[in-house]
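Dear colleague,

I am passing on the structure that we spoke about, together with some notes on what I found in it. Please have it open while you read.

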Amino acid sequence: MSLIRKLCATLALTLAGVPLVAQAAAYPERTIRIVVPYQAGGSTDIVVRKFAELAAPELGQSIIIENRGGAGATLGARALTTAQPDGYTLAILPSPVFRMPHIQDMGYDPRSDFTYVMMLSGYTLGVAVPATAPYKTWAEFIAYAKAHPGDIAYGTASVGSASNVMMEQIATRNGVTWRHIPYKGESDVIQGIMGGQLQAYAGSTTVLPMVQSGKMRMLVTWGERRSAQFPDVPTLHELDGTPPAYAPFGIAAPKGLPEPVRNKLHDVFKRVAETQAFKNALTQYGQELVYMDGAAYAEYAAQQYAAEAEIVKALGLANK
């Protein structure tokens, strides 16, 4: 190749990268939308709203939250499959996003259909019951379930959620039978408890105000150590050695998001996630910072997708 041709080739490659660089420099030029796959008022929604409030000034544009509850908490992921990869539509991806494709056809593959921006947080999960319930401890709850097969109906924020899977694993391990009633969000589950349609709530610490007011009782949490919000409540791990259960979530964009735009979002989001204001919000709702960059998050997604296939098979959840 002649010197002139080499120079032309180099110039062409350089110019090819100019639009991406310019795009990242100008981005964002309008409002950014984050789809939260739960109803408003739950712990995920509240924490993400705080995150958006802190991130908006850093990006120089407003960030709106769009709540889309239902469909096993996968509507955020599905929104990404039809959105333009321009950085103006993002979504929260909770654990059911990796589980539900093994249960039914969801129209996406989490290994290849998203651009992973950053892992953000993880929930403290557990089981709470009405304060008037006859069972005061986890052991009494299990004993009651054994003595009254099918009488206990528990609610979660979605089919295939980490709480749903954990409750079914607990049922199998203890030889009990109970009924799962999925809702579109945790706030609806709490209403079901208060209305008498449910005997138990399985989910995050959104129930904290109800427990503090004496209307509900937390029986157990599923973390490795006791929750700061419920220091007197034992973990299932300490009671019987059950492995801790977590429900991390992160932020993703449509497949094909330009790398400079992803990098800009990541850098801003990481700074915001490390602020004391955001950490305080996490603590208030029983969550903790679980950071991964885009590459690590994508690797986690592939591993989690594979692991969920085995869980779904073992519990007989697939209906495809």
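Strand E4 (residues 114–123) pairs with E11 in the antiparallel sense over five bridges, where two strands count as paired if DSSP finds at least two bridges between them, and where strands (E, at least two residues) and helices (H or I, at least four) are DSSP runs numbered from the N terminus. Within this pairing, Ser121 is placed opposite Leu289 of E11.

Before going further, please note that this is a predicted model, in which local features need pLDDT of at least 70 and side-chain atom pairs count only at pLDDT 80 or more, while totals for chains, interfaces and linings use all residues. Residues are numbered from 1 along each chain as its sequence is written, and side-chain values use heavy atoms, with hydrogens and water left out.

The two strands belong to an open sheet of six strands with mixed pairing, in the order E2-E1-E3-E10-E4-E11. Strand E2 (63–67) and strand E11 (287–293) are at the edges and have a single partner strand each, so one side of each is left without a neighbour in the sheet.

Helix H2 (residues 43–59) lies across E1, E2, E3, E4, E10 and E11, and runs at about 160 degrees to E2; axes here are lines fitted to C-alpha atoms, for helices over the stretch in contact, and angles run from 0 to 180 degrees between N-to-C directions. H2 also packs with helix H11 (residues 276–284) at an angle of about 175 degrees, their axes being 10 Å apart. That makes H2 roughly antiparallel to H11, a description used for angles over 145 degrees. In this packing, Val47, Lys50, Phe51 and Leu54 of H2 meet Ala277, Phe278, Ala281 and Leu282 of H11, contact meaning heavy atoms within 4.5 Å.

Two single residues may also interest you. Thr82 and Pro254 are 172 residues apart in sequence, yet 8.0 Å apart in space from C-alpha to C-alpha. Leaving aside neighbours within four places in sequence, Asn164 is in contact with Tyr154, Thr156, Ser158, Val159 and His180.

Note on methods:
Parallel < 35°, antiparallel > 145°, perpendicular 65-115°, else oblique.
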